[in-house]
Structures are given as structure tokens and as C-alpha cells.
Amino acid sequence: MKLKYLNLIALLVLFYACEKESVPDTESEGNWLIPQNEIRDGGPGKDGIPSIDNPEFVAVNDIDFLSEDDLVVGVKVGAEIRAYPHLILDWHEIVNDQLEDLSLALNYCPLTGTAIGWKSKIDGKVTTFGVSGLLYNTNLMPYDRLTNSTWSQMRLDCVEGELQGKV
């Protein structure tokens, strides 16, 4: 029964995201690297879907909420290996994490099923990323909290703001 309601909610979110008028971030007056008429309002607004900052992990033997066929996004940096379950990413979309000496933002878009990890150290400064609430081609558009610039998960670059053009 619970799965039935989750599927219904996911369907409504997808329908809502596809039907909304184009809504670029009106706080910014800069130029965008993508057509503004292709930017959609995803519904929840900025940080309406909370990112996970400083995630806590448990040993594989202590996991009791996943089944063997549940999907995870795996990341390996040096000797560190992390698994980020889709069941959690569906609700948070962005995880800001530190693996060894790498600051990482794992971005996951439930609408497209895409996950991208990118370094979150830009020009020598570490930032975290949050959900902007905007979509481009039905895909997540994070923003960085250091400069409030908007990024495209699909393009792998900053499309609006102070860091425009950075990858």
C-alpha cells in the first residue's frame, strides 16, 4: 500500500514538473548559458528538498532497511568506498560528503535516474550544493551555497551566476 502512494506521488511530481511554466531564478539578473524558456519550476522551491550534509554511514552488516535488489550509487576514492541508496537519494537528491581529502557533491535526479559526483572545491574554496528547485530538460539543477550560482547536472557546469562556465 505504501509503495502505491509513493508511486502516485512520484507520478504527480513528474506531471507537475512537466506542466509548469518556465520559471528562471528571478532573483538573478545575469545571463544564462541555457535557454531560460527551457527552465522549469520543479515545485518545492530552493532547498524544499533538503540536501544531506555530513552524512552518517553504517557498516554493511548493520543495514536493515535495504533489500538485495535495492539500487545504490557507489563511489570509491582511494581506500574509501561509499554506497548511497536510491531510497535515500529519492528524498534528498544531493549529498555533500568528504572522502579522504576530496570534497564531493553527489547529485541524483529521481526524474531521470541520473547520478553525478563532482568535486565541490571551486577556485580553492569548498562549497556545498543544494536543490535549486529548478529543472532543465526534466533534470536537477543544483546551486552552490558559496555564490548562489545555478548549475546543470546534465551539462556538468555552472549555467548562471558568479561561477558561470565553471565545470
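Me: What makes up the largest nonpolar core here?
Reply: There are 12 residues in it: Ile49, Ile94, Ala105, Cys109, Trp118, Ile122, Phe129, Val131, Leu140, Trp151, Cys158 and Leu163. A nonpolar core is a set of buried Ala, Val, Leu, Ile, Met, Phe, Trp, Tyr and Cys residues joined through side-chain atoms within 4.5 Å. Two strands (E in DSSP, at least two residues, numbered from the N terminus), β6 (102–109) and β10 (129–136), each supply at least two residues of this core.

Keep in mind that this is a predicted model, where local features need pLDDT of at least 70, side-chain atom pairs count only at pLDDT 80 or more, and totals for chains, interfaces and linings use all residues. Residues are numbered from 1 along each chain as its sequence is written, and side-chain values use heavy atoms, with hydrogens and water left out.

Me: Why is Cys109 called buried?
Reply: Buried means under 20% relative accessible area, exposed over 50%, partly exposed in between (1.4 Å probe, protein chains only). Cys109 has 2%, so it counts as buried. Cys158, at 0%, is therefore buried too.

Me: Why is Pro35 called partly exposed?
Reply: Its relative accessibility is 36%, so Pro35 falls in the in-between class. You'll find Pro35 in the loop between α1 (2–19) and β1 (39–41).

Me: How many disulfides are there?
Reply: A disulfide is a pair of cysteine sulfur atoms within 2.5 Å. By that rule the count is 0.

Me: What is the mean pLDDT of the protein chain?
Reply: The mean is 86, and 82% of the residues reach 70 or more; pLDDT is the predictor's confidence in each residue, from 0 to 100. Over residues 5–28, though, the pLDDT is below 50.

Terms used: Contact = heavy atoms within 4.5 Å. Helix = DSSP H or I, 4+ residues; strand = E, 2+ residues; numbered from the N terminus.
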